[in-house]
Amino acid sequence: MASYQIEAACCCNMGRRRSNNEDNFCFDNRVLPKDNTGLKHAVTVERKLEREQFYGVFDGMGGESYGEEASFLAATVAQDSSKILADFLYPPGKYLTSLVQKMNKVVCEKSEELNSGRMGSTAVMLYFGSGYVYVCNVGDSRAFRLRHGGFQQISEDHTDAKFLEEQGIKGRRPSLTQHLGIWPEEMVLEPYVAKGELEDGDQYLLCSDGLTDMVDNVGICAIMKEAPDAGSCAEALVAKALENGGRDNVTVIVVRLRQS
């Protein structure tokens with residue numbers, strides 16, 4: 001089986017209109033503090049894919065400081081779990097599903113403790129192993145893959161966009177139908193999980209909607225194709241989102257693979 005070198009980069013920016021940052025991430029076992037202003041520069045890492053690698057982006061919601069709380073809790077649960085990936089006995093798909101349930105439980109319990117009424121977070125994650133990658137998400141933060149010039153979303157949006165289209169409703173932003181922070185008695189949380197095989201030259205992107213609301217897929221694909229490395233790619237994606245208005249916090253993780 002082919003061995004791979006992995007190059008990854010993470011960028012996080014508050015955007016031009018927000019006074020707080022409700023995004024967070026799990027990148028190389030690093031998580032932002034609950035109260036943060038993002039990253040000044042891209043954080044990068046490069047290593048052989050010799051053991052499982054985990055990356056995640058989390059976009060909080062809930063008003064006041066509850067969005068920051070929810071995304072921080074989700075990222076921290078992911079961080080704690082990713083430290084023991086190599087020792088985990090479950091298949092990766094089952095592991096990711098159980099991880100989402102654990103994140104959801106922690107966010108719900110904190111919401112009850114704070115009497116917040118409603119706080120939550122999206123989650124989109126990549127789990128790399130020997131020759132394969134799993135994607136898992138709840139909400140509308142997205143994962144993409146660029147392979148042989150073809151750009152494809154590999155996550156699944158959990159929104160009512162299809163319902164709005166079928167009903168001919170225009171002018172309303174789609175609402176989330178799944179996210180972290182849903183009590184089990186209210187709704188069964190069903191994360192999307194899919195497995196893919198790795199190929200030499202693959203590029204992957206995780207991002208909050210602060211990117212996809214500001215830059216369309218054509219623009220994202222062009223930047224990913226042109227950037228010479230993962231770090232400059234992540235920074236260019238964030239810069240384009242800011243250039244186009246930067247209405248929301250924006251977080252991106254770029255992962256590039258090549259055969260060793």
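**View 1. Aromatic pairing across the predicted model.** A search of the whole structure finds 6 aromatic pairs, where rings of Phe, Tyr and Trp (its six-membered ring) pair if their centres lie within 6.5 Å, and planes under 30 degrees apart count as stacked, over 60 as edge-to-face and the rest as tilted. In the pair formed by Phe27 and Tyr55, the ring centres are 5.6 Å apart and the planes stand at 40 degrees, so the pair is tilted. Phe27 belongs to strand 2 and Tyr55 to strand 4, so this pair ties together parts that are 28 residues apart in sequence; helices (H or I, at least four residues) and strands (E, at least two) are DSSP runs, numbered from the N terminus. Both Phe27 and Tyr55 are buried, that is, under 20% relative accessible area, with exposed meaning over 50% and partly exposed in between (1.4 Å probe, protein chains only). Ring pairs link Phe27, Tyr55, Phe128 and Tyr204 into a cluster. This is a predicted model, in which local features need pLDDT of at least 70 and side-chain atom pairs count only at pLDDT 80 or more, whereas totals for chains, interfaces and linings use all residues. Residues are numbered from 1 along each chain as its sequence is written, and side-chain values use heavy atoms, with hydrogens and water left out.

**View 2. The pair of Tyr95 and Tyr127.** The ring centres of Tyr95 and Tyr127 are 5.7 Å apart and their planes lie at 55 degrees, so this pair is also tilted. Distant parts of the chain are linked here, with Tyr95 in helix 2 (residues 92-114) and Tyr127 in strand 6, 32 residues apart. Tyr95 is buried at a relative accessible area of 3%, and Tyr127 is buried at 4%.

**View 3. The largest nonpolar core.** This core has 26 residues, and those with the most contacts inside it are Tyr55, Phe128, Tyr204 and Ile253; a nonpolar core is a set of buried Ala, Val, Leu, Ile, Met, Phe, Trp, Tyr and Cys residues joined through side-chain atoms within 4.5 Å. Strands that each supply at least two residues include strand 4 (53-61), strand 6 (123-129) and strand 12 (250-259). Strand 1 gives the most, with 5 residues. A second, separate core of 24 residues includes Phe144, Ile223, Ala234 and Ala241.

View 4. Asn104 is buried, with a relative accessible area of 4%. Not counting residues up to four places away in sequence, Asn104 touches His179, Leu180, Gly181, Ile182 and Leu189, contact meaning heavy atoms within 4.5 Å.
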